[in-house]
Each structure stands twice: as C-alpha cells, then as structure tokens.
Amino acid sequence: MAAYPAGGSENILLLTDSYKVTHHQQYPPNTTVVCSYFECRGGKFPTTVFFGLQYILKRFLIGAVVTKEKIEEAKALYEEHFGRDVFNEDGWNYILTQHKGYLPLRIKAVPEGSVIPTKNVLFTVENTDPKCYWLTNYFETLLVQVWYPLTVATNSRYQKEIIARYLDETADNLLGLPFKLHDFGFRGSTSVESAGIGGAAHLVNFMGTDTIAGISTAKAFYSCPMAGFSIPAAEHSTITTWGQKGEVHAFRNMLTKFPTGLVAVVSDSYDIWNACSTVWGKELKDLVEERGKNGGTLVVRPDSGDPPEVVVKVLEILGAKFGSTTNTKGYKMLPPYLRVIQGDGISYETLEAILENMKNNKWSSDNLVFGSGGALLQRLDRDTQKCAFKCSFAVVNGKEISVFKDPITDPGKKSKRGQLSLEIHDGRYVTMEEGKGDPKKDILVTVFENGKLLKDYTFDEVRHRAELDIVKQSMLQ
C-alpha cells in the first residue's frame with residue numbers, strides 16, 4: 001500500500017536514538033557477537049499478546065535497506081547533529097558492499113498471537129557477521145516500538161476476557177463476542193500510522209472497528225482482506241443539525257435511509273430518557289418494529305452520564321416500551337431488533353462495573369455492545385507492560401560472555417543472562433538462560449535473517465493463537 005511503504009523506502013540509519021550512533025566505538029576490542037532480547041518485565045497484565053513485530057520487519061527492515069545515498073545523508077546529518085564526526089561510515093559501507101545493503105541480523109521470536117506470561121523472552125536479536133556486532137543494539141529503538149501493538153492487543157484481550165465471562169454467565173452463547181468491543185480510537189491516535197498499528201492490534205481480538213487505518217494495516221502486513229466491520233451510525237452533528245424539536249425527524253431519517261441491517265443512533269443530544277421513552281418508544285415505535293421484520297436492528301447510543309447507571313436505565317425504559325424476554329440463563333433480552341451501545345467512558349477499568357450492574361438488574365450482557373477510543377489505543381505506554389530490550393550474550397576475543405545488569409537500586413530491572421530460549425515445562429512457559437535450553441523445545445522461531453523475512457504470519461493465524469480458551473472450548477461443543 002502506498003500509505004505503508006515496505007522496507008527500503010526510509011533511511012533506517014536515522015531510525016535510532018542519537019547516542020547509539022556512537023556505540024560502535026564503545027564495545028570491548030575484538031567483540032564479534034552481540035545478542036540482545038526483548039521481554040515484558042511485568043506490568044499491568046500478567047500475560048502479553050505478542051503482536052506487531054512482523055509489521056516492523058516488513059515496514060522497515062526487509063530487503064536492501066542500506067544504500068550509498070542513505071549513508072551519505074546520515075553522515076551529513078550526524079556530523080551537524082553532534083558537531084563532530086562520530087558516524088560509523090566504514091561499518092555501513094561494509095554492509096553495503098559485503099551484504100548488498102541487507103542487514104546481517106537474525107531475529108527469533110515467539111509466534112505472533114502467542115499469549116506469554118510476563119518476565120519471559122519474546123524475541124532475540126543477534127548479528128550474523130562478526131564485523132557487525134554493533135548492529136544488534138543499533139535497532140533497539142525501532143524494534144522496541146513493538147511495545148505499542150502488543151500492549152494494545154493485550155489490553156484489548158483482557159477486556160475480551162471480562163466481556164466473555166459475563167456473556168457466559170448471562171447470555172445463551174458467545175456468538176456475539178467478536179463484535180462486543182468496537183474501536184472508536186482513530187481520532188484520538190497520535191498519527192494515522194499509530195491508528196493503523198493500534199487498530200490492527202485490537203482486531204486481533206475483535207472484529208468491530210471504525211478505525212479504517214487498522215484494517216488497512218492488517219491487509220498490508222498480515223494478508224487479511226478484511227479484518228474488521230462497521231455499520232451506518234449517527235454522530236451528534238447529524239442529529240443536532242435538525243434542531244431539538246427536529247430530533248424525531250433526525251431519528252426517522254436514520255431508520256428510513258438505512259431500512260435494513262444494523263444502524264446506530266446517538267440519542268443523548270438533549271434528553272436520553274425522553275429519546276428512549278417518547279421518541280423511540282412511542283413516536284417511532286411502529287417504524288422500529290416494522291424495520292425489525294426485515295432483519296433490521298436499531299442500536300441506541302447513550303453518550304454521557306455515569307455508564308453503569310445510564311446503561312441499565314436505558315435498558316429498563318426500552319424494555320418497558322418494547323417488551324423483553326428471558327433467556328435460558330434467566331436474564332432479560334430486548335427484542336432482536338433493538339440493542340444498546342455504550343461508547344463513552346469505556347476502558348478495562350470500567351467494563352466490569354457496567355456489566356455487573358446489568359447482571360444485578362437481570363439484564364443479559366448480550367443486549368450491549370461497547371465502543372472505546374482513547375483508552376483502547378492511547379491510554380497506555382511502554383511501561384504498561386514494562387517492555388525492555390537488553391543485551392544478554394556476547395563474544396569477545398573468541399570468548400563467550402553472559403551479559404547482564406543487576407542494579408542494586410532496582411531489582412526489578414535485573415536482566416537475563418546468556419543465550420536464551422523459551423520452552424514449555426509442565427504446562428508453563430520458562431525462559432532458559434545461559435544456553436541451557438534444548439533447541440528442539442525452543443518456541444522462538446527465526447522470522448528474519450540477513451535482510452529476509454523467513455516467517456510470514458497471516459492474521460487468521462494470529463487470531464487463532466490469541467483466542468480465549470473459553471471461546472475455543474465453546475467451538476468444540
């Protein structure tokens with residue numbers, strides 16, 4: 001896609017922190033191998049959904065990404081930036097001449113979509129040419145940005161767990177789960193590219209989105225023709241331009257212009273209670289019901305107030321006007337042509353209170369869909385899962401060295417030692433250190449080597465690995 005150029009289009013020599021430009025002079029003499037690893041050292045959630053490395057590799061690192069022009073550009077920029085010549089021109093020219101611009105690196109990673117407990121290795125990076133030992137950590141800056149998609153995917157999955165638990169308790173089945181958390185985060189993202197990365201990460205777990213950049217990213221980098229879906233929906237401007245007295249006409253217009261399928265209508269522009277009881281429940285009731293005969297569903301959207309209280313009150317009003325039934329779990333359901341979406345104030349921290357209040361008032365969670373924006377794609381950072389990239393192994397003067405840090409002031413920053421692998425022992429993931437692992441049991445897969453992508457995951461594969469156990473079990477029943 002033009003919006004997401006593949007590797008080779010940008011000057012990767014400039015995609016690093018300034019101080020790394022000087023690091024080739026700082027390693028011990030006769031260093032030939034530097035191996036580093038990435039992990040989540042802890043954080044908000046006890047497990048992490050690994051996702052997004054393939055995007056970085058395809059976007060920036062595959063192919064002949066080093067050229068004479070890029071070396072010259074970097075040399076001039078860094079000389080002006082530092083006020084002196086500290087750039088490793090010889091090293092980059094060596095990569096250009098000896099490797100034809102392909103990066104002599106090997107990256108091994110857990111399969112994308114894997115759900116891994118924190119404090120385990122997620123990927124390793126090492127140089128494949130002894131003269132390019134300095135290259136491994138040069139790309140720490142770029143590779144660590146995988147923190148963003150994996151954190152969004154993790155945050156999204158933990159919200160999916162909450163919703164699935166309440167569906168299991170109060171709904172007949174889990175069939176609606178993939179569409180229960182809709183991505184409203186495009187406008188709140190820091191850039192189109194971040195919306196694409198974060199939007200795709202959310203789609204690992206769900207299939208509802210208004211972030212078109214997310215489906216574009218999934219298509220371009222994970223071979224997914226269409227990762228997410230949406231429906232016609234009103235915003236306040238398309239309702240309030242009719243005026244307060246014209247709200248009923250605005251609502252009628254939505255039902256008639258979209259006579260079939262799902263349609264969402266924001267209903268709190270003035271008085272959400274009146275909108276539900278009088279406008280929807282009286283003036284337009286026949287039209288709502290008639291539309292239902294053609295398979296249409298009206299989704300009423302409150303967008304203000306205290307979500308746990310507002311959602312239940314909206315359900316009670318709509319239930320009183322349109323009737324309700326009781327499902328097999330003993331919880332109330334609105335008619336199939338009527339549902340509610342709560343898109344204000346939704347986050348991992350608020351979901352449970354809303355669903356619990358619905359449960360306490362005997363409403364099935366299947367009546368409700370959530371929408372989330374800033375909290376889904378932006379209310380997180382690298383420390384949410386404590387993501388870190390550290391050197392663990394080196395070869396100096398032909399001698400293998402286990403490299404580590406162990407700050408006396410912060411034991412939580414103690415790093416792993418030696419050559420690492422990830423194995424499963426008695427059903428638990430275990431990071432094997434200092435080369436003590438069994439290569440036959442190592443879960444880490446070589447995904448990139450010497451400028452070439454060796455493993456190309458599809459979005460379907462990623463989704464399958466990340467799926468909740470409760471969903472996998474329901475599929476077998």
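**Note on helix packing and strand pairing in a predicted model**

1. Helix α10 (residues 247-257) packs against helix α11 (residues 272-283) at an angle of about 55°, and their axes lie 11 Å apart. Axes here are lines fitted to C-alpha atoms, for helices over the stretch in contact, with angles running from 0 to 180 degrees between N-to-C directions. α10 is therefore oblique to α11 (under 35 degrees counts as roughly parallel, over 145 as roughly antiparallel, 65 to 115 as roughly perpendicular, and the rest as oblique). Helices (H or I, at least four residues) and strands (E, at least two) are DSSP runs, numbered from the N terminus.

2. The model is predicted: local features need pLDDT of at least 70, side-chain atom pairs count only at pLDDT 80 or more, and totals for chains, interfaces and linings use all residues. Residues are numbered from 1 along each chain as its sequence is written, and side-chain values use heavy atoms, with hydrogens and water left out.

3. From α10, the residues E247, V248, F251 and L255 make the contact with A275, V279, W280 and E283 of α11 (contact means heavy atoms within 4.5 Å). Of the residues in this contact, 6 are nonpolar, 2 are charged and none is polar. In this division Ala, Val, Leu, Ile, Met, Phe, Trp, Tyr, Cys and Pro count as nonpolar, Asp, Glu, Lys and Arg as charged, and the others, Gly among them, as polar.

4. L298 has L338 as its bridge partner in β11.

5. K332 belongs to strand β10 (residues 332-333). A polar atom of the K332 side chain lies 3.5 Å from the backbone oxygen of N361. Leaving aside residues up to four places away in sequence, K332 touches several residues, including E316, S324, W363 and N367.

6. Strand β17 (residues 445-449) runs antiparallel to strand β3 (residues 105-109), to which 4 bridges join it; V445 is the bridge partner of A109 in β17. β17 also pairs with strand β18 (residues 452-453) in the antiparallel sense over 2 bridges. These two strands, β17 and β18, form a hairpin with 2 residues between them, and N450 in the turn has a positive phi of about 50°.

Key
Pairing = 2+ DSSP bridges. Polar contact = N/O pair within 3.5 Å; in protein donor to acceptor, adjacent residues only side chain to side chain.
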